[in-house]
Amino acid sequence: MEGKVDMIKSTISLQDLRRGIYIKAKAEPAWRFWGLYVHICKMETLQRAYKVAKQNNGAPGIDGVTFEAIEQVGLEGFLRQIRRELVNRTYHPTRNRKKEIPKGNGKSRILGIPTIKDRVVQGALKLILEPIFESDFQSGSYGYRPRRAAHGAIRRVAEAIVCHKTRVIDIDLRAYFDNVRHHILLEKVAKRVDDDDIMRILKLILKSGGKKGVPQGGVISPLLSNIYLNEVDKMLERAKEVTRDRYTHLEYARFADDLVVLVDGYKRHDWIVKAVNERLREEFAKLQVQVNEEKTQQVDLRRDESFGFLGFEFRRVQSFRGVWRPQYTPLLRKRTELLRKLKVEFHNLRSQPTEKVIEVINPILRGWVNYFAWGNSGRCFYHIRNWVEKKVRRHLMRSRQCKGFGWKRWSRQWIYKELGLFSDYHVRRPEPSLVKAIPAR
């Protein structure tokens with residue numbers, strides 16, 4: 001009972017509260033938390049949620065209200081109004097604004113963009129619920145979690161390949177975010193949360209996005225999507241332990257709805273591949289999530305096959321010394337998407353000074369290169385660097401009504417140093433554990 005009282009002390013800081021919730025949840029996996037709603041209503045929680053929302057920026061919701069407009073009128077009053085609605089139980093989320101985002105493969109996904117007010121409420125809810133479910137999440141889950149990133153999942157896959165886990169089950173889920181069943185999700189949340197006010201707000205947030213699914217673009221959606229798939233992760237963790245002898249013969253990595261399972265290449269472990277395939281489909285069936293069989297594939301890296309994961313193409317290669325190692329490079333379609341996006345910017349800015357063009361394209365290049373600056377991206381970066389430099393040179397020549405690329409007129413050093421074109425195409429070397437000598441099989 002003493003632990004329960006500690007959870008609702010009004011004087012405890014948000015940081016200490018989150019730490020206390022996590023410790024309690026980790027120590028007692030069956031504990032159901034109550035008295036949480038009061039913490040969502042605190043000004044400290046709402047202020048922190050607003051700060052995070054502003055850092056993430058984003059377009060306004062259906063009401064058109066921006067961060068600038070809120071702060072011009074008065075942030076304190078804005079947050080106090082939200083607090084009053086929460087305390088009086090009169091808060092109701094506004095309908096999400098729909099925005100279509102191209103996926104690069106001819107298709108698109110629909111983002112559901114909440115109003116800033118709703119983002120603050122969702123952010124406050126996430127701040128209080130996240131430490132509970134973080135204690136339950138598994139080591140192979142990387143999507144949108146604190147102190148975890150896509151590169152951790154990429155490294156986990158690369159290490160599995162080094163350890164001869166060469167048979168890969170690459171799972172593709174059909175419109176996962178759009179098909180999350182609300183009643184199943186709420187049942188999963190209720191296993192850890194015994195607070196009617198929390199559950200009521202969660203229902204309202206989910207209903208504002210439609211009869212099913214979690215809106216891509218919602219602040220709390222990533223947390224809810226991880227809660228929904230946590231049983232799949234638990235099943236894979238059990239499979240790792242059940243099939244373990246001296247070594248583990250199975251590994252997996254999941255980032256949101258992107259999942260790969262890697263199994264040892266030994267012939268005697270064929271049964272593991274079959275069993276995991278069957279169990280995955282059983283778990284997804286329980287969740288009423290459809291596996292896209294057309295895109296789901298089984299790959300054998302020993303046959304020089306490859307698979308894509310989080311924007312990288314993975315394969316296994318052998319060095320001149322006979323060492324097997326993972327090779328992961330940006331997928332060709334990712335490079336094509338980048339160049340297409342840059343080409344549009346060059347076209348739109350064709351009448352602008354070169355300095356303005358560079359000001360626009362540098363952040364695009366920096367973000368893309370920083371993400372893909374891992375593994376074996378050197379050749380891809382070389383291609384992109386040359387392509388961009390030629391585009392800049394062509395822009396310079398066009399502005400002076402000359403032909404060619406101006407190789408003699410402008411040195412490469414001048415393009416990068418004086419004009420300031422992005423030039424940091426440094427590739428981070430793999431960790432020693434990813435290139436250690438392992439006998440070929």
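Asp270 and Arg167 form a salt bridge, with their closest N and O atoms 2.2 Å apart. A salt bridge here is a side-chain nitrogen of Lys or Arg within 4 Å of a carboxyl oxygen of Asp or Glu. Asp270 lies in helix H12 (residues 270–286) and Arg167 in strand S3 (residues 167–171), so the pair ties together parts that are 103 residues apart in sequence. Helices (H or I, at least four residues) and strands (E, at least two) are DSSP runs, numbered from the N terminus.

How accessible are the two partners? Asp270 counts as partly exposed at 28% relative accessibility, while Arg167 counts as buried at 10%. Buried means under 20% relative accessible area, exposed over 50%, and partly exposed in between, using a 1.4 Å probe and protein chains only.

## How to read the model

This is a predicted model, in which local features need pLDDT of at least 70 and side-chain atom pairs count only at pLDDT 80 or more, while totals for chains, interfaces and linings use all residues. Residues are numbered from 1 along each chain as its sequence is written, and side-chain values use heavy atoms, leaving out hydrogens and water.

## Other salt bridges

A search of the whole structure finds 30 salt bridges. One of them joins Asp136 to Arg192, with the closest N and O atoms 3.0 Å apart. Asp136 sits in the loop between helix H7 (116–134) and helix H8 (150–162), and Arg192 in the loop between helix H9 (182–190) and helix H10 (196–208), so this pair ties together parts that are 56 residues apart in sequence. Both Asp136 and Arg192 are buried.

Within helix H8, Glu159 and Arg155 are four residues apart, or about one helical turn. Their side chains meet in a salt bridge at 2.6 Å, N to O. Glu159 is partly exposed, with a relative accessible area of 27%, and Arg155 is partly exposed too, at 30%. Elsewhere, a network of salt bridges links Arg279, Glu282, Glu283 and Lys286.

## A look at Ser225

Ser225 is found in helix H11 (residues 221–242). Is Ser225 buried or exposed? With a relative accessible area of 2%, Ser225 is buried. Its side chain reaches the backbone oxygen of Pro222 at 2.8 Å. Beyond its neighbours within four places in sequence, Ser225 is in contact (heavy atoms within 4.5 Å) with Tyr176 and Phe177.

Methods. Polar contact = N/O pair within 3.5 Å; in protein donor to acceptor, adjacent residues only side chain to side chain.
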